[in-house]
Amino acid sequence: MNAYPNISVIASLIADPSRAVFLEALLDGRALPAGELAYMAGVTPQTASNHLAKLVEGGLLVVERQGRHRYYRLASKEIAFLIETMGSIAPPVQVRSLKQSNQLQQLSFARTCYGHLAGKLGISLCEALLREGYLVDPEDEQAKDYHITERGYQWFTSFGIELQVKPGSRRAIARKCLDWSERRHHLSGLLGEQLERRLSHLEWTRQKSGSRSVEVTEAGKKGLYEMLGISL
């Protein structure tokens with residue numbers, strides 16, 4: 001017997017291919033019905049229900065009931081961070097169809113990751129903020145967060161982002177998140193979420209219906225280039 005947490009329980013829950021599909025599909029923060037998740041994983045509704053019950057019991061998902069319908073979502077941001085991190089060290093997917101290739105290209109270009117932007121777009125935003133001196137990469141390689149400079153706070157305020165944190169909050173502000181498709185860091189935490197919302201509000205980005213993938217509008221391409229020198 002040892003005193004360490006029994007991570008094998010969580011690992012066994014994630015290890016099933018169908019359950020892994022469910023978890024990855026919910027990384028954008030949506031709550032989805034069992035039928036839609038079953039379709040994504042290519043399993044029967046009964047099989048999906050059995051898998052979802054195990055994920056709920058294991059604390060990875062929570063279920064919300066609306067009338068006769070049940071909707072499932074990730075239990076916490078920590079679960080999303082775990083799944084995204086595992087994706088960054090997993091072997092590349094074996095593309096077997098044109099449809100799969102298109103989906104991979106779209107997700108690799110831009111996608112939502114539980115409230116913040118990931119993919120090439122997320123990487124470009126993070127690197128631009130670092131280049132402009134709005135964020136600073138800490139000298140400690142083990143540090144999990146970027147530092148926001150005074151110049152950065154001023155710029156984010158002018159861009160319509162207010163980073164108000166309640167006293168005593170342990171919420172990550174500018175968290176470094178390793179991107180599974182780019183193998184580089186993008187920005188998560190409160191700042192990452194606020195930035196995603198602001199770009200969406202400006203209609204610079206638009207999430208594709210029924211997907212985690214995000215497209216950049218013509219107004220967005222122009223705005224990102226003029227404000228941060230990002231060329232997409």
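Visitor: Which elements each supply at least two residues of the lining of the second largest pocket?

Guide: This is a predicted model. In it, α5, β8 (175-178) and α9 each give at least two residues to that lining. The largest share, 5 residues, comes from α5.

Visitor: How many residues line the second largest pocket, and which lie nearest its centre?

Guide: The lining has 16 residues, and Lys 77, Glu 78, Phe 81, Ala 172 and Arg 175 lie nearest the centre. The volume of this pocket is about 360 Å³. Sorted by class, its lining holds 6 nonpolar, 3 polar and 7 charged residues.

Visitor: What volume does the largest pocket have?

Guide: Its volume is about 1,500 Å³. Of the 35 residues lining the largest pocket, Val 21, Glu 24, Val 93, Leu 107 and Trp 180 are the closest to its centre. Helices α1 (7-15), α2 (17-25), α3, α5 (77-89) and α6 (98-109) each supply at least two lining residues. The classes here are 19 nonpolar, 8 polar and 8 charged.

Visitor: How many cavities of 30 Å³ or more are there?

Guide: The count is 1 cavity. The largest cavity has a volume of about 40 Å³. Its lining consists of Leu 117, Gly 122, Leu 125, Leu 187, Gly 192, Leu 195 and Glu 196. Two or more of the lining residues come from each of α7 (119-131) and α9 (189-201), with α9 giving the largest share, 3 residues. By class, the lining has 4 nonpolar, 2 polar and 1 charged.

Visitor: Now the helices. What describes two packed helices?

Guide: The angle between their axes and the distance between those axes. Here the axes of α3 (residues 34-41) and α4 (residues 45-57) come within 9 Å and cross at roughly 105 degrees. Because of that angle, α3 is roughly perpendicular to α4.

Visitor: Which residues of α3 and α4 meet?

Guide: From α3, Ala 34, Leu 37 and Ala 38 meet Pro 45, Ala 48 and Leu 52 of α4. The residues of this contact divide into 6 nonpolar, no polar and no charged.

Visitor: Strands are next. In which sense do β2 and β3 pair, parallel or antiparallel?

Guide: Strand β2 (residues 61-66) pairs with β3 in the antiparallel sense, over 6 bridges. Within this pair, Val 62 stands opposite Arg 73 in β3. The two strands form a hairpin with 2 residues between them, and Gly 67 in the turn has a positive phi of about 65 degrees.

Visitor: How many bridges join β1 to β3?

Guide: There are 2 bridges between β1 (residues 32-33) and β3 (residues 69-74), and these strands run antiparallel. Pro 33 stands opposite Tyr 71 in β3.

Terms used
Residues are numbered from 1 along each chain as its sequence is written. This is a predicted model: local features need pLDDT of at least 70, side-chain atom pairs count only at pLDDT 80 or more; totals for chains, interfaces and linings use all residues. Side-chain values use heavy atoms; hydrogens and water are left out. Axes are lines fitted to C-alpha atoms, for helices over the stretch in contact, and angles run from 0 to 180 degrees between N-to-C directions. Helices (H or I, at least four residues) and strands (E, at least two) are DSSP runs, numbered from the N terminus. Angles under 35 degrees count as roughly parallel, over 145 as roughly antiparallel, 65 to 115 as roughly perpendicular and the rest as oblique. Contact means heavy atoms within 4.5 Å. Ala, Val, Leu, Ile, Met, Phe, Trp, Tyr, Cys and Pro count as nonpolar, Asp, Glu, Lys and Arg as charged, and the others, Gly among them, as polar. On a 1 Å grid over the protein atoms alone, a cavity is a set of points where a 1.4 Å probe fits but cannot get out, and a pocket is an open set with protein on both sides within 12 Å along at least five of seven lines; lining residues have an atom within 4 Å of a point. Grid points are joined across faces, edges and corners, and a volume is the space filled by probe spheres set on the points. Two strands pair if DSSP finds at least two bridges between them.
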